[in-house]
Amino acid sequence: QVQLVESGGGLVQAGGSLRLSCAASGRTFSSSYMGWFRQVQGKGRTFISWSGGRTYYADSVKGRFTISRDNAKNTVYLQMNSLKPEDTAVYYCAADLDSRDNVFRPTYWGQGTQVIVSS
């Protein structure tokens, strides 16, 4: 059974940094597209970044966030620097096990980890 478990969220001041981790289990993810979304309370889930050979970022985080992965550990990371209060959200890890056509179509999700950025 595929499981994604996020960790690393918390409270940080504006300008600070956090690193989120997503530990995947249930199969090998080295060839799978993996990524991150976030959701502000009362709003829909929005794309942040994904990795599948190349890496892709939403304009709102480009230059501040970096996605990386350790395939030996089946883990994907999101390094978040220069955090802003508007980055406050629940962050979700996602996996696309079909991983084709260079299009990220998540089919599995983690439970989310809360990030709060204070001003």
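Let's start with Asp96, which sits in strand β9, residues 89-96. Strands here are DSSP runs (E, at least two residues), numbered from the N terminus. This is a predicted model: local features need pLDDT of at least 70, side-chain atom pairs count only at pLDDT 80 or more, and totals for chains, interfaces and linings use all residues. Residues are numbered from 1 along each chain as its sequence is written, and side-chain values use heavy atoms, with hydrogens and water left out.

Asp96 is buried, meaning under 20% relative accessible area (1.4 Å probe, protein chains only).

Now the wider surroundings. Leaving aside neighbours within four places in sequence, Asp96 is in contact (heavy atoms within 4.5 Å) with Ser32, Tyr33, Val103, Phe104, Arg105, Pro106 and Thr107.

Next, the backbone. Ser82 is not a glycine, yet has a positive phi of about 50°. Ser82 is in the loop between β8 (75-80) and β9. Ser82 is partly exposed, at 41% relative accessible area; that class runs between the buried limit and the exposed one, over 50%.

Asp101 also has a positive phi, near 65°. Its loop joins β9 and β10 (108-109). Asp101 is exposed, at 53%.

Conventions
Helix = DSSP H or I, 4+ residues; strand = E, 2+ residues; numbered from the N terminus. Lys, Arg positive; Asp, Glu negative; His and termini not counted. Salt bridge = Lys/Arg side-chain N within 4 Å of Asp/Glu carboxyl O.
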